[in-house]
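Subject: Structure handover

Dear colleague,

Here is the structure you asked for. My notes follow below it.

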Amino acid sequence: MKPLLGGCACGQVRYQCSENPLVQFICHCRDCQHSSGSAFMAFVFVPRDRLTYLSGDLHYYDVEANSGRALRRQFCRACGSPISAYWPGAPMVELLTVASLDDQSIFSPTHELWMSRAESWHPVHPGTTKLPEGPDEELVRGPVRAYFAARES
Ligand SMILES: [Zn+2]
Ligand SMILES: [Zn+2]
């Protein structure tokens with residue numbers, strides 16, 4: 001595979017990931033709206049140990065996700081572009097914002113989350129499974145567990 005490359009608007013933050021996304025989602029939750037400054041956030045999950053930050057200065061803030069777990073949202077300290085997020089209590093995977101990817105054409109979402117909070121002025125993607133709230137645990141954990149199990153075998 002080609003490495004996933006990306007970064008922020010000002011160019012100071014750059015990253016590289018040597019693994020394909022494990023899970024790809026669109027999320028319409030209120031927190032993703034705030035964080036993106038728009039109607040939703042699109043993101044891909046990658047294994048954190050395959051992700052390398054090459055340059056720049058990431059700042060972050062922690063929010064309490066609906067699951068009760070803290071989610072750490074990371075952004076460029078210089079330009080504020082949202083770059084990534086992860087759960088410090090479950091640090092095997094990191095979410096990269098699709099906006100930060102150099103090649104956004106790789107994005108192929110399977111699910112849209114928090115449709116109950118979706119903005120009525122923005123159309124939804126025709127090809128996704130729509131969930132009224134967040135995913136059940138297995139929707140994320142299933143593919144992540146399968147990935148790490150395959151790596152170890
Ligand atoms: Zn920047
Ligand atoms: Zn969200």
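A salt bridge here means a side-chain nitrogen of Lys or Arg within 4 Å of a carboxyl oxygen of Asp or Glu. By this rule, Arg145 and Glu138 form a salt bridge through their side chains, at 3.3 Å from N to O.

Some conventions before the rest. This is a predicted model, in which local features need pLDDT of at least 70 and side-chain atom pairs count only at pLDDT 80 or more, while totals for chains, interfaces and linings use all residues. Residues are numbered from 1 along each chain as its sequence is written, chains are lettered from A and ligands numbered from 1 in the order in which they are written, and side-chain values use heavy atoms, with hydrogens and water left out.

Salt bridges

The count under the rule above is 8 salt bridges. In general, side chains of opposite charge can pair when their charged atoms come close.

For accessibility, buried means under 20% relative accessible area, exposed over 50%, and partly exposed in between (1.4 Å probe, protein chains only). In the pair already named, Arg145 is partly exposed at 48%, and Glu138 is partly exposed at 41%.

Another of the salt bridges joins Asp102 and Arg14, with 2.7 Å from N to O. This pair links distant parts of the chain, 88 residues apart: Asp102 sits in the loop between S9 and strand S10 (111-113), and Arg14 in strand S2 (residues 14-17). Strands (E, at least two residues) and helices (H or I, at least four) are DSSP runs, numbered from the N terminus. Asp102 has a relative accessible area of 46%, so it counts as partly exposed; Arg14, at 26%, is also partly exposed.

Glu112 and Lys130 make a salt bridge at 3.8 Å, N to O. Glu112 belongs to strand S10 and Lys130 to strand S11, so this pair ties together parts that are 18 residues apart in sequence. Glu112 is buried, at 2% relative accessibility, whereas Lys130 is partly exposed at 32%.

The sheet

Two strands are taken to pair if DSSP finds at least two bridges between them. On that basis, 8 strands form an open sheet with mixed pairing, in the order S6-S7-S8-S9-S4-S3-S10-S11. Its edge strands, each pairing on one side only, are strand S6 (58-64) and strand S11 (129-130). Within the sheet, strand S4 (residues 41-47) runs antiparallel to strand S9 (residues 90-97), and the two pair over 5 bridges. Phe45 has Leu95 in S9 as its bridge partner.

Zinc sites

Donors are N, O and S atoms within 2.8 Å of the metal (3.2 Å for Na, K and Ca); water is not among the atoms, so sites may look incomplete.

Which protein donors does the zinc ion (ligand 1) have? They are the SG atoms of Cys8, Cys10, Cys76 and Cys79, at 2.3 to 2.4 Å from the ion. Along the chain these donors follow the spacing C-x1-C-x65-C-x2-C. The site is tetrahedral, with angles of 103 to 113° among its 4 donor atoms; for four donors, that label requires all angles to lie between 85 and 135 degrees. Cys76 is buried at 1% relative accessibility, while Cys79 is partly exposed at 32%.

The zinc ion (ligand 2) is coordinated by the SG atoms of Cys27, Cys29 and Cys32, at 2.2 to 2.3 Å. The spacing of its donors along the chain is C-x1-C-x2-C. Both Cys27 and Cys32 are buried.

Regards

Technical notes:
Four donors count as tetrahedral if all angles lie between 85 and 135 degrees; four count as square planar and six as octahedral if opposite donors are over 155 degrees apart and all others between 65 and 115; anything else is irregular.
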